Amino acid sequence: MERMPYSEPYKIKTVESIKVLTHQERQAKIKEAGYNLFNLRSEDVYIDLLTDSGTGAMSDKQWSAIMTGDESYAGSKSFFKMKDKIVDLLKMPYVIPTHQGRAAENVLFSALIKEGDIIPGNTHFDTTKGHIEFRNAFACDCTINEASDADNEHPFKGNVDIGQLESVIKQNRSKVPFVVLTVTCNSGGGQPVSMDNIKAVSDTCRKYDITLVFDVARFAENAYFIKTREKGYEDKSITEIVAEMFSYADACTMSAKKDGIVNIGGFIALRSEELYKQCSVFTIIYEGYLTYGGMAGRDMAALAVGLEEVTDFDYLRSRIGQVQRLGKKLQDAGIPIIKPVGGHAIYVDAMKFFPHIPQDQLPAQTLGVELYTEAGVRGVEIGIVLADRDPITRENRKPKFDLLRLAIPRRVYTENHMEVVVWGLKKVHERRNSCKGLELTYEAPIMRHFTARFKKLD
Ligand code: F0G
């Protein structure tokens, strides 16, 4: 029997108007912004794919939770609603709310990292790496080699190379306090980690008595890929897969702005009472009392509902399906992207898109500017600008890829919006040979990408 097509498992109840500027107006806006997409006002953007973080649409149930969630400094019902949901889902007994993901990293890493430590992982996210390096420790990337080949269709490109992990641990025995596994791996293209690999990382950590921390901003999307790509998991529910994934971890940090489908929030979940006690001190100093950690009660109540909704298979199928369909359309149009398409974003390979623009003339930043000018679509550069300068030599670090990330917010845009994205990229691609690169005219000493200014090369 022919399968019935599926669609979003929700209908739209409230809408927000967006305006479309003219081509000329956009040209003026981006020039005024110093050709930095971060400097644009969001009202001047038609389709905003800068991030999928804190940009999702909450459901009617989440909005009701906002109204009924109570506020209290200590012991609110909202906190317990959130905590109970997290314990039920992740099966970790200790939960600490934080105002967002990097705050969870700050608290946990304050308890775990000392100067000179080495933290292996699978391409640490920028803030994770930042919190490691800020403590004069080192992030060591042990991702499998397949991940550095844009055309390799490996289904779990977020996997760790276990041999490499073990040798890093063996060579630095007393300097590795924990391993961090990011699921899905954002910096690697939103690529998932297989259950088999999660288990192997966990076995390695146990063998050497090392804590295993998960960065779980997109944990449900990772579970969806395990269900749809890994043998033996096709008949398991998303919540069963999530429970198994977390059974291998000792602790996790969460940016609830992604798979919590809330606009702000995060948390730490832990198994060890001792570590919970250590984190408690840092939470109170940095975030707030242990039952709110920088979040409003109503936001914790909405997060409890978001965590329920994000593990719904139909939701995940439509969310990831939208990203996959966009990827397919771009590939069919000959736009070079990282393959296979990950869970939350498309990564356009700008050095392939503009083979005539050398990396030091900023191909991904150029593509971001051209796409905004063409179609009002905002992406984000993940390339030489973001990679910044080497802190010692002050030379530009040259990452292997210069990418434009188009991150899709959850439950926000329709297929028609995605058609505009495809159209815009096709148009820029048609005139790619006439596009010129950019040059930096201002850069801050660190984290330059946020405030840099550029000029167009003639
Ligand atoms: N870990 C991962 C994997 C992330 O993608 C992010 C944020 C964080 C931690 C930090 O969380 O923003 O709540 O403090 N990623 C956003 C992005 C910013 O656009 O990918 P946060």
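Which residues are buried in H8? Phe219, Ala220, Glu221, Asn222, Ala223, Tyr224, Phe225, Ile226 and Lys227 are, where buried means under 20% relative accessible area with a 1.4 Å probe, counting protein chains only. Before I go on, this is a predicted model, in which local features need pLDDT of at least 70 and side-chain atom pairs count only at pLDDT 80 or more, while totals for chains, interfaces and linings use all residues. Residues are numbered from 1 along each chain as its sequence is written, and side-chain values use heavy atoms, with hydrogens and water left out.

Back to the helix. H8 spans residues 219-229, and nine of its eleven residues are buried. Helices here are DSSP runs of H or I with at least four residues, strands are E runs of at least two, and both are numbered from the N terminus. The cover over the buried residues of H8 includes H3 (77-90), H7, H9 (238-247), strand S7 (251-255), H11 (297-310) and H12.

Next, strand S5. Five of the five residues in S5, 178-182, are buried, so the strand is largely enclosed by the rest of the structure. In a regular strand the side chains alternate between the two faces of the sheet. In S5 both faces are covered, with Phe178, Val180 and Thr182 on one side and Val179 and Leu181 on the other. S5 pairs with S6 (residues 211-215) in the parallel sense over five bridges; pairing requires at least two DSSP bridges between the strands. Valine 180 has valine 213 as its bridge partner in S6. Together with helix H7 (residues 195-207), S5 and S6 make a right-handed β-α-β unit. Right-handed means that, with the strands pointing away from the viewer, the path from the first strand over the helix to the second runs clockwise.

Now the ligand. It is surrounded by 16 residues, the closest being Thr51, Arg102, Asp215, Ser255 and Lys258; the criterion is a heavy atom within 4 Å. Helix H4 (residues 101-112) gives the most to this shell, with three residues. Ligand oxygen atoms lie 2.6 Å from an N or O atom in the side chain of arginine 102, 2.6 Å from a polar side-chain atom of serine 255, and 2.7 Å from one of arginine 405. The protein covers 93% of the 470 Å² of accessible area that the ligand has on its own, by the Shrake-Rupley method with a 1.4 Å probe.

Last, a loop residue. Lysine 339 sits between helix H12 (313-332) and strand S9 (345-349). Beyond its neighbours within four places in sequence, lysine 339 contacts Ala150, Asp151, Asn152, Glu153, Lys157 and Gln331, with contact meaning heavy atoms within 4.5 Å.

Key:
Buried means under 20% relative accessible area, exposed over 50%, partly exposed in between (1.4 Å probe, protein chains only). A polar contact is a pair of N or O atoms within 3.5 Å; within protein, one must be able to donate a hydrogen and the other to accept it, and residues adjacent in sequence count only if both atoms are side-chain atoms.
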